[in-house]
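Here are my notes on the model you sent. Please read them with the coordinates open.

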Amino acid sequence: MIDLIPVKTALAGIQSRLDVLRTALKLESGQKRITEIEARMGEPNFWSNQEAAQKLIDELKGIKAISVPFEAVSRNLADAAEFLAMAEAENDEATAEQTAAEVEKISVAVAQLDTRALLCG
């Protein structure tokens with residue numbers, strides 16, 4: 001069985017980084033704003049002012065450019081943690097190795113989120 005301690009440590013480090021990014025990127029307020037904008041888009045007179053409508057759509061795209069990848073990485077991290085726990089419980093080396101590889105991919109994705117965060121604000 002591969003040594004799972006480094007994988008567990010990496011998972012914890014990634015989770016900590018995501019927690020910092022969630023706060024720094026103000027993702028909770030971003031989600032609220034997405035809901036607000038999407039509700040306005042459903043209003044019958046949304047397109048009556050094309051310039052204002054386009055500004056809202058651009059704002060929505062900007063928020064989603066960060067929030068959608070962030071949520072995907074968060075889901076992948078949660079899945080990896082579950083797979084790692086299963087691999088450890090069942091002493092399943094193949095799953096442990098696959099999970100370790102997935103954690104490396106998640107780490108790269110978090111680095112990309114870091115870069116986006118720097119570029120966006």
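**Notes on the predicted model**

1. Burial first. Of the 121 residues in the protein chain, 29% count as buried. Keep in mind throughout that this is a predicted model.

2. Fold. The protein chain has four helices and zero strands. Read from the N terminus, the order of elements is α-α-α-α.

3. Overall dimensions. The radius of gyration of the protein chain is 19 Å, whereas a compact globule of 121 residues would come out near 14 Å. Along the principal axes, the C-alpha atoms fill a box of roughly 65 × 25 × 15 Å.

4. Contacts and surface. Take the contacts between residues at least 6 apart in sequence: 77% of them join residues at least 24 apart.

5. Charge. The protein chain carries 13 positive and 20 negative charges, and their mean positions lie 11 Å apart. The structure holds seven salt bridges. Some of them are taken up below.

6. Helix α1 to helix α3. Glu71 forms a salt bridge with Arg22, with the closest N and O atoms 3.8 Å apart. Glu71 sits in helix α3 and Arg22 in helix α1 (residues 5-24), so this pair ties together parts 49 residues apart in sequence. Glu71 is partly exposed, at 29% relative accessible area. Arg22 is also partly exposed, at 28%.

7. Helix α2 to helix α3. Which residue does Lys64 meet in a salt bridge? The partner is Glu38, at 2.9 Å from N to O. Lys64 belongs to helix α3 and Glu38 to helix α2 (residues 27-41), so the pair links parts 26 residues apart in sequence. Glu38 is partly exposed, with a relative accessible area of 37%.

8. Around Lys64. Helix α3, which holds this residue, spans residues 50-90. Leaving out residues up to four places away in sequence, Lys64 touches Ile34, Glu38 and Pro69. The C-alpha atoms of Lys64 and Gly30 are 8.4 Å apart, although 34 residues separate the two along the chain. Lys64 has 31% relative accessibility; buried means under 20% and exposed over 50%, so Lys64 counts as partly exposed.

9. Within helix α3. Glu51 and Lys55 meet through their side chains in a salt bridge, 3.9 Å from N to O. Both lie in helix α3, four residues apart, about one turn of the helix. Glu51 is exposed, with 56% relative accessible area. Lys55 counts as exposed at 56%.

10. Network. Salt bridges also link Arg33, Glu36 and Glu59 in a network.

Conventions. Residues numbered from 1 in each chain as written. Predicted model: local features only at pLDDT ≥ 70, side-chain atom pairs only at ≥ 80, totals over all residues. Heavy atoms only, no water. Helix = DSSP H or I, 4+ residues; strand = E, 2+ residues; numbered from the N terminus. Rg over C-alpha atoms; globule rule 2.2 N^0.38 Å. Buried < 20%, exposed > 50% of the residue type's maximum accessible area, 1.4 Å probe, protein only. Contact = heavy atoms within 4.5 Å. Lys, Arg positive; Asp, Glu negative; His and termini not counted. Charge placed at Lys NZ, Arg CZ, Asp CG, Glu CD. Salt bridge = Lys/Arg side-chain N within 4 Å of Asp/Glu carboxyl O.
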